[in-house]
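Please keep the sequence and the structure in view while reading.

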Amino acid sequence: MSHAAASPGFPASPAPLRTAAVAARATDLSKVYGQGDTRVVALDSVSVDFGKAQFTAIMGPSGSGKSTLMHCMAGLDTISGGSARIGDTELSSLNDRQLTRLRRDKIGFIFQAFNLLPTLTALENITLPMDIAARKPEKAWLDAVIETVGLSGRLSHRPAQLSGGQQQRVAVARALAAQPEIIFADEPTGNLDSRSGAEVLGFLRESVRAMNQTVVMVTHDPVAAGYADRVVFLADGRIVEELHEPTADSVLDRMRLFDSKGRTS
Ligand SMILES: Nc1ncnc2c1ncn2[C@@H]1O[C@H](COP(=O)(O)OP(=O)(O)OP(=O)(O)O)[C@@H](O)[C@H]1O
Ligand SMILES: [Mg+2]
């Protein structure tokens with residue numbers, strides 16, 4: 001099933017490169033919060049690869065470690081054991097300054113709360129990471145991203161003057177504009193109505209197909225997961241299941257199976 005018609009800004013034919021290269025890899029990754037009575041094992045020896053030009057969805061019950069996995073992989077949180085790698089770079093080998101630079105140059109983030117700066121216009125928000133890095137946005141690419149997310153007429157608006165869906169599209173454009181090695185999105189459509197959500201998902205899907213962007217997205221929504229190439233299910237900080245070429249129905253079936261297992265055990 002094709003989820004998105006070719007968007008105006010993107011090339012019509014798929015980009016040729018589809019290698020088995022790995023964009024990010026967790027190996028026996030563990031994360032423990034607190035100690036004694038408050039000790040929580042949020043990630044328990046998780047090993048997973050995120051392939052280049054692949055769209056991966058992460059699903060699982062509340063508290064299963066989805067956000068923790070994203071934060072550890074993105075270098076936003078320290079790890080307790082194992083390893084987290086972006087490309088060939090082992091995150092724990094980096095000092096703070098190197099980590100900041102890696103996040104800035106290689107990683108895009110999209111969070112549920114849009115995290116836009118209220119005093120900047122939509123365009124300034126989109127180019128902010130590149131401005132901070134003193135990198136010139138590639139004009140043609142920037143134009144394509146803006147046109148495809150449908151923000152051409154809203155570039156000088158501030159976030160408060162935009163709808164929720166438009167704000168999230170600014171956040172998506174900001175992540176894509178810098179062409180990062182990998183985009184981590186934590187429930188990027190959680191705050192959106194279904195139409196705006198579908199637009200954002202179609203756009204992420206299209207960036208993977210046409211531009212070989214790598215995307216890892218946390219979601220609770222089987223329909224959203226159906227846009228991905230693959231779904232990884234977490235429970236209690238462990239990977240319990242994986243689905244390839246998912247559809248909303250196959251994801252829903254799998255979720256029901258977990259539910260019934262949970263109730264009978
Ligand atoms: N900063 C923290 N300090 C202590 N415990 C934490 C912290 N962050 C997360 N946890 C705990 O780690 C576990 C995993 O949390 P995480 O936020 O990764 O879950 P999640 O799968 O993203 O859940 P949700 O679907 O509700 O967003 C939870 O038990 C949570 O309480
Ligand atoms: Mg979470």
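## The open sheet

Six strands form an open sheet with mixed pairing, in the order β6-β7-β8-β3-β9-β10. Two strands pair if DSSP finds at least two bridges between them; strands (E, at least two residues) and helices (H or I, at least four) are DSSP runs numbered from the N terminus. At the edges stand β6 (107-111) and β10 (238-244), each of which pairs on one side only. On average, neighbouring strands of this sheet are turned by 20 degrees against each other, direction ignored. Axes are lines fitted to C-alpha atoms, for helices over the stretch in contact, and angles run from 0 to 180 degrees between N-to-C directions.

Strands of a sheet pair through backbone hydrogen bonds, either parallel or antiparallel. Strands β3 (residues 55-59) and β9 (residues 230-235) pair in the parallel sense, over four bridges. T56 has R230 in β9 as its bridge partner.

## Helices on the sheet

Helix α1 packs on the sheet and touches β3, β6, β7 (182-186), β8 (215-218) and β9, where contact means heavy atoms within 4.5 Å. The direction of α1 makes about 150 degrees with that of β7. Helix α5 (residues 164-177) lies across β6 and β7 and runs at about 170 degrees to β6.

## The surroundings of ligand 1

Ligand 1 is surrounded by 13 residues, the closest being S62, G63, K66, S67 and T68; a residue counts if one of its heavy atoms lies within 4 Å. By class, this shell has four nonpolar, seven polar and two charged residues. Here Ala, Val, Leu, Ile, Met, Phe, Trp, Tyr, Cys and Pro count as nonpolar, Asp, Glu, Lys and Arg as charged, and the others, Gly among them, as polar.

A polar side-chain atom of T68 lies 2.5 Å from an oxygen atom of ligand 1, and an N or O atom in the side chain of K66 is 2.7 Å from an oxygen atom of the ligand. Taken alone, ligand 1 exposes 640 Å², of which the protein buries 60%; accessible areas come from the Shrake-Rupley method with a 1.4 Å probe, and for residues only the protein chains shown count as cover. The elements that give two or more residues to the shell are β2 (40-51) and α1 (66-73). The most comes from α1, with three residues.

## Basis of the values

This is a predicted model, in which local features need pLDDT of at least 70 and side-chain atom pairs count only at pLDDT 80 or more, while totals for chains, interfaces and linings use all residues. Residues are numbered from 1 along each chain as its sequence is written, chains are lettered from A and ligands numbered from 1 in the order in which they are written, and side-chain values use heavy atoms, with hydrogens and water left out.

Terms used:
A polar contact is a pair of N or O atoms within 3.5 Å; within protein, one must be able to donate a hydrogen and the other to accept it, and residues adjacent in sequence count only if both atoms are side-chain atoms.
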